[in-house]
Each structure stands twice: as C-alpha cells, then as structure tokens.
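Here are some notes to read alongside your copy of the model.

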Amino acid sequence: MEPDKNQYKSLKPRIFITWRNVITMLLCTFWCQAKVAAQHVPDFQWEYASPENHGMSAKKLDSTLNILAERNTKKLLIVKNDKIVYEWFSPGFEDSKKRHYTASLAKALVSGMSLLAAIDDDYIYLDEPACNFVPVWKTDKVKSKITIRQLADHTSGILDAQATEKESRYLKDNGLHHHFDLPGWRGSFWKQDNNPFVMARDSAPVVHEPGTAYRYSNPGIAMLNYVVTASLTNSKWKNIREYLEKRVFEPIGIDKKEYSIGYGRVFGESDLQLVSGWGGGSFTARAVARIGRLMLHKGNWQGRQIIDSSLVEKVIRYSGTALPHPAPKDSILRGYYRTDTNSQPVTTPGWYSNQDGVWANVPRDAFSGAGAGGQHLMVIPSLNMLIVRMGGDLNKASETDGFWLAAEKYIFNPIMDAILEAPYPKSDLTVEFAPKETIVRMAEGGDNWPSTWADDGHMYTAYGDGNGFLPKTDIKLSLGLARVEGNPPLLKGYNTRSRSGESVGQGRAGTKASGILMVDGVLYMLVRNTQNSKLMWSADYGNTWQEANWKFDESFGCPTFLNYGKNYQGAIDDYVYIYSHDEDSAYNHADHQVLARVKKNHIKDWSSYEYFTGYDNAKNPTWSEDIRKRKPIFTNPGKSYRSGITYNEGLKKFLWCQPVRLSSPDGGYTDVRFKGGLGIFESDNPWGAWKTVFYTRQWDVGPGETVSIPSKWISEDGRTCYLLFSGDDSFSVRKFTIDQ
C-alpha cells in the first residue's frame, strides 16, 4: 500500500488548481517526454542460436512442434539467453506476412503494460481507489471501494460479460454466438454497438465485496483501461494506444506495422478517448517477444531503464490477493476456475503467476499472459527464457481439458522437458557407475531410506510405505525403522520395531522419515508429512523415540541431514546442517533448496536454529534466526526436490545427490521410482558454491524419490562410493567410482 501518495491522489479529478499544481504538472510532462526521448535506443536485433548451445534438446523441441502443429499452432517462438533457439511459422503466418490475434493476451500486452507505464510515470497508483478517476463511482457504496489493483487482477467483483450456465447451454444448443447473442448489456458490451466502457462502468454489477474473491472480468479490465486513460488527462497522451506506442513499443523497437490494438477503434466518453485492452489486438510473435524481453529484464532495454525495475517486480509478484476458486459442480464454464482439468493460476496486475506451483513443471517465478485460442506469452526469469505460442484452440473437439491444462500438456511441459542443462558448472570430478545389472536390491516394496553411520559400526535407516527387510513386518508401515550391517554387496538388513517411532498410513496420509543422523550416540530423525516436518530422537538405537514440542512450519517440507562419518566424526565444525527444497510439502517441486544449521549440542532446541541468508562482501555465509529471511542455497528452477548430502572425507568434498523428476503429459510427473534423472553436485563447503559432478534428465534406471551416498561405504581415498536410492521401491545400492 502507498497511503502517503494516495492522500494526494484522492484529489483526482483535480478541483483546486494552484500555481504550484501548474508548475508541477508542467515539470512532470517535461520529465516524462524527456524520459521517453532519452530512452529511444537503436533497435535490438534478435540473433539465432542452436537449442543445444543453450542447454536444450532440438530433438525434443521438434517432437513438441509436431504435436503443436497438429493442434492449430500458427506461430511458435522460444528465446533463451536473449537468443532465438526455436522459431516456426505455419505457412502464410510468418511474422513478415501476418500478425495474429491476441484475444485476452491483450490484457497483458496492452492493459498490463499501459498500467505499468502509468505507475512508473506517477500518473496512477496501484492501490488507490479507482473512483479517483471514475467520479460517478464515488457515491456508489460498493464501487467506491474498488482499487486499481483489483481491476487489474480480477478481484474487483465486477460481473463478467459471460453467459450463465443455463444461457450457455441454450446458446450452444441453438447455434447462437456465445458473446454477441447474449441479452442486455452483456451482448452490447461484445458487439460494441454502444460504448462498452459505459456498459462496464454503469451496467455491470458488482457481485461480491471487492478484493474478497477472484472473478475473471472483461468489464473489469475495461474499467482498468478507463482509469489509466483518465490518469493521462494532464499529460500529452490522449489514449493508451498513443501512450503505449511512444512510451513502450517504439523505445523497444516494435514497429507500428507489427501490431494493432483496441479493435481499431476509439470510444469517446466525456473528454476521454478510450481504447479497449481486454481483447482486440493483433501482434507478430516477435513483437510479443519484445514485450516479454522487456519484462524479463525488469524494464531495462539495452541498458536503458524504460520502466523502473522495482515496479516490474511489483506487478508480476503475487501480493496475497484472492485465489481462483473451484468450479461449481457440473459447470460448463470451467475455464474460469481451478479444477483437476484446468490449472488456473493466480493473477497479478495484468499477468498470471506460477507462485504457488499450479504449473507443476514450470519454475515458480514464471509469469504469463494468455488469451482464448491458446495465445501465450510466458516469461521465466530463472531460466532467462521466453515462450510465445499463437494459433487456434489446443484442444480437439472431443477433449475436455481446460484452457490451462491444455497449455501445460502441449506447450509448457514439453518445452520444460527439453531443457537438459545442469544447473551448475561442470566439476573436475567425474563419476562412472557400475553396470545396472550389479545393483543390489533389498526390502522390496519400501522407499525413502535416509541413513546414518552409527557409533556401533552399523548403518541405521528408515523406510516408507513398506514392510521392511526379510522377514517382513506383519503390517505395512508408512514409517519403519531398520539396521543394516555389512558392506556392499554383502548386506543384511534387520527391522527395528518401535511403537513410539513407527507409524502407519499410505502416501501423504502417513508420516515418513526424510533424514536421519547419529551425533554423540543419539539418533535424530526428521519426519515429514506433519504440515511441514518435525524432529524426533532416540538414545537406544531406534527402539524408543521422543518428539520435539516444535516443528518446522514454513518451508522445510522434506528436510535431510548432512552426514559426516561414523557417529558424526570428521565434521568440519560444531554445527549440524539441514537441507530441504523450499516447500511446505514433500510432494511439490520447488525452484530452490534452503539450509538451516544448529549447534550439535542444541539440536533439540528450536530457538538455536538459524537459516542461511546469503553471503557478505567477503563471500562468507550469513545466517539469521528468522526463517523468513532465508535465501536459496541451491537453485534448479522447477526441479528442486528431495535429496541426500554427505561429506566425502577422502576428497574433502560435500556430495549432494538429487533425483530429477520428469514431466508427464498430464501436468504431473512420471513415476520417478522407475524413470527419472539424477544429479550429483559437489562443494568445498556445506553452503556451496556448487559444481556439477553428474547430471542427466534420464538415468539408465529409476532413481526413486530419494538418493544419498552413505558415508560408511566411501573408501578411504574417497574414490569408491555406493549410491543408496529407492528406485524400484527397494533398498537399492549401486557402486560408482570418482575420477579427477
């Protein structure tokens, strides 16, 4: 909120004119004009590069294109690291020949960008009342509460100009148009036989308290265009078409031939020239990509700041506004709701955001504009990547996937799956795995297997959703405990029964161990699926357990301990380190991993924990007791998940193992027990910096949900190791060697 600024904005439309007002307006106008002139830079020219040179698979992209071409795609453009790595046009739809309609993608390209520029020029403020620019709303008890943000993110409560359930069925059954044949103000809004802005202002009702719910609204965006236009009253700009041309499009090199906006019309109302921004646009794919590039670079274009970077971050960041809600039962308008067949994202001013991971395989920092027929601009800052797709409906007539799930299946997921590059530079270390036929598999039917080397020389572990080692337990446990004796390949497992430690329940319904560690003769266990995770400990080798009276309640949804040698021997300091992907749930992906630490003699004390917050100027790690100040310790956008980390004493390296899940066409993941990738990363310190020892998106066997390198099975020189993983739902062990 910006209460101080809003005190002055509440005077709009201006009633009291003073010489100070006039001078201020003249200075502002001069500044804004000078700003635009100064920012007109030589045109940026796209360069081409092969997908492989930017960590992507041309073969996979070709396969994606084959499917998209069959599904009405006319234009496809993929940009990575400011290079066009993939571009395709259907015959006759080349950018040089034809623009393509944008439908509601205009809500980002036109409405969102004009709003952003107006905020940057101090014409308007995001959280001020819209009635500052709509005088007739000032006396309306409900509409006077609507803010500009709420118009922009579809939470104003203004009813959309759409058919009801009953009307939709009638229109469909009688071959009538779903927009133009609607009765009353709604049909008039779409036909534009009367001023649609007046329809939105005066006729569209508000059906819920502003800000309390998400409700997609084209008239709401019309009113956003209205207030942005009204905010330009004392500037040189008469409408948002002129404003965008000179303020944004021309400075970033978009020629007037590359776009049209607002259905080619201007609607007059009082002294306003109103141009539609809820639809009615047509753009070339490259023009769309230029707008995406400006947003990707946080308003900077070739070294010139067209829009203030902090404002770009403000409009693409989710601010806690109302989320899309589930669809009514048997709804045929399911595209407006979040359902199993429609992964409706949250909205920000002008954009859609993946902040809550609704697009499971896409990085959380991704944001998008979108329109009917599958018009898409996706911007992914963490991957330095843009995706533009334009064409017709992705779904075939017989298919029932919603708008967003179709985009996931045929655009987002396949393109994300084509990214093969490792997240960190290559290490000098290399690994070679023994043939997969040599893998030792035990305790079939169980997974997880975090492990630690105890003071008695044995390895202690825990399993999930299984019956343990032979002879198996009489019931299936969600959290079972075991002791493993010997060294590979000669291993023997023994189940440890513990009424206070084990639990039952399948999948998410049962608690499970995600980390286990022995320090000074005490076993510590991190347990997930407890609304984040909790700590337990045992002083008698796992027979009886006690539970802490606190738990992680933010992030740390699947934490694991850093393991050193036998009974924590070889530790480089007095701390215990805990790693987790930055998620509340063990079942969600994340973009980052985070790190906590605690003195080893204070593991049970919640107040002693502190969290990694970055580096100081000398590149030393910094820490805070406030978990909300945590910063990433490791980043792999959209692919950070469960893990296991061990110190290799012989090599003086920390080795971090992470399974890499593969996306599946339905928007989820393949079963990583049988198919998935594997990453092994190394560092000289528990907090990085990291290098890639081994990385593949598809290992020759399934890595399972968890992977680690037990310290007990590392040779003295550190060169021979064994990987413990839960592939094939088993206690799976595979030898590998490390070379340099």
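1. First, some housekeeping. This is a predicted model, in which local features need pLDDT of at least 70 and side-chain atom pairs count only at pLDDT 80 or more, while totals for chains, interfaces and linings use all residues. Residues are numbered from 1 along each chain as its sequence is written, and side-chain values use heavy atoms, leaving out hydrogens and water.

2. Let's begin with the overall count. The structure holds 38 salt bridges, a salt bridge being a side-chain nitrogen of Lys or Arg within 4 Å of a carboxyl oxygen of Asp or Glu. As background, side chains of opposite charge can pair when their charged atoms come close.

3. Do have a look at K83 and E47, whose side chains form a salt bridge with an N to O distance of 3.9 Å. K83 belongs to strand β3 (residues 83-89) and E47 to strand β1 (residues 47-48), so this pair ties together parts that are 36 residues apart in sequence. Strands here are DSSP runs (E, at least two residues), and helices are likewise DSSP runs (H or I, at least four), numbered from the N terminus. K83 is partly exposed at 25% relative accessibility, and E47 is partly exposed at 47%. For these labels, buried means under 20% relative accessible area, exposed over 50%, and partly exposed in between (1.4 Å probe, protein chains only).

4. Next comes R642, which forms a salt bridge with E705, their closest N and O atoms being 3.7 Å apart. This pair links distant parts of the chain, 63 residues apart: R642 sits in the loop between β31 (634-640) and β32 (644-648), and E705 in the loop between β35 (691-696) and β36 (707-708). Both R642 and E705 are buried. Elsewhere, salt bridges with shared partners join E245, K246, E250 and K256 into one network.

5. Which residue forms a salt bridge with R497? The partner is E502, with the closest N and O atoms 2.9 Å apart. The side chains of R497 and E502 are also joined by a polar contact of 2.9 Å (a pair of N or O atoms within 3.5 Å; within protein, one must be able to donate a hydrogen and the other to accept it, and residues adjacent in sequence count only if both atoms are side-chain atoms). E502 is buried at 18% relative accessible area, whereas R497 is partly exposed at 40%.

6. Leaving aside neighbours within four places in sequence, R497 is in contact (heavy atoms within 4.5 Å) with T473, D474, I475, L477, E502 and N543.
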